[in-house]
Structure formats: C-alpha cells, structure tokens
Amino acid sequence: MMANLINKIKESSFFGFALVGAINTGFSFIIYILLLRLDLYYILASILAYIAGIAVSYLLNTKFVFKEEKTIKNLSKFVSVYLTALVINTGLLYALVNLIGFNPVLGQIGVTCLVLFYNYVLQKLWTFKKASS
C-alpha cells in the first residue's frame with residue numbers, strides 16, 4: 001500500500017511540477033540575490049530573475065513534467081500564464097515589503113509558495129491540456 005502511494009506521488013504531474021519548480025526557483029533566487037547584491041531595486045531584480053526562470057521552467061516542464069513538444073502555441077500559453085503570475089508575484093511582493101514591512105527575500109519566498117499553485121493549475125488545465133479521447 002505504501003509503495004503504491006509512493007509510485008502515485010512519483011507519477012503525479014504536480015510532484016514533477018513542484019520538483020522542476022524547486023530547481024527553477026533555486027535558479028531564479030540565485031539570480032535575484034545576485035541582482036540585489038548589484039544594488040538593483042528589489043522589484044526590478046525580482047522581475048528579471050522571474051523572466052530568466054520562465055525560460056528554464058518552460059524547457060524543463062515541456063520535457064520532464066508534461067512531456068509535450070515545444071510549440072509556439074504552448075510556449076505562448078506558458079509565457080502568458082507566467083507573465084500573469086509575475087504580475088501577481090510583483091503585486092504581492094510589493095505589498096509584503098512596502099505595506100507590511102517584510103524583508104524582500106522572505107517576502108519573495110512566501111509569494112513563490114502561493115504562485116506555485118496558480119501556475120500549476122493553469123499550466124495543467126490550459127497550456128498542456130490533453131486532448132479528449
């Protein structure tokens with residue numbers, strides 16, 4: 001029974017999406033921190049790191065999570081989802097830092113956790129939606 005549960009988790013697209021997201025988030029956070037150390041404004045650093053992360057995320061998600069061909073159609077949907085998530089990410093980060101007083105790094109961590117679910121649902125149900133059989 002436990003082995004069956006572990007296999008279902010391994011096969012889950014959410015698990016794969018979260019794993020790719022962890023890799024992508026690590027990459028994006030490194031870019032974010034480097035840009036902050038270069039004295040870039042935290043919002044601009046977040047946007048640039050996020051855009052770099054979109055490219056990595058698309059490559060990893062098409063190959064390993066959703067196992068889809070790279071097409072202009074799914075690329076444009078993927079980027080659309082991530083750009084709307086960027087707006088959500090930026091707005092929440094701004095609110096946490098400027099209105100509530102969070103540290104920009106801790107604020108970004110919290111926002112990233114929230115945006116993960118938004119991205120997954122839209123990518124699975126819209127960008128990489130399987131055709132009905």
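Which hand does the crossing of α2 and α5 have? It is right-handed, meaning that the near helix is turned clockwise from the far one by less than a right angle.

A word on the model. This is a predicted model, with local features needing pLDDT of at least 70, side-chain atom pairs counting only at pLDDT 80 or more, and totals for chains, interfaces and linings using all residues. Residues are numbered from 1 along each chain, and side-chain values use heavy atoms, without hydrogens and water.

Now the pair. Helix α2 spans residues 13-37 and helix α5 residues 104-127; helices here are DSSP runs of H or I, at least four residues, numbered from the N terminus. Their axes come within 11 Å and cross at roughly 145 degrees. Axes are lines fitted to C-alpha atoms over the stretch in contact, with angles from 0 to 180 degrees between N-to-C directions.

Who touches whom? From α2, the contact (heavy atoms within 4.5 Å) includes F14, F17, F29 and Y32. From α5, V105, I109, L116 and Y120 are among the residues.

Next, α5 itself. The helix has a kink of about 25 degrees, centred on V115. That bend is the angle between axes fitted to the seven residues ending there and the seven starting there.

Beyond neighbours within four places in sequence, W126 contacts K77, S80, V81 and V121.

Note on methods: Helices (H or I, at least four residues) and strands (E, at least two) are DSSP runs, numbered from the N terminus.
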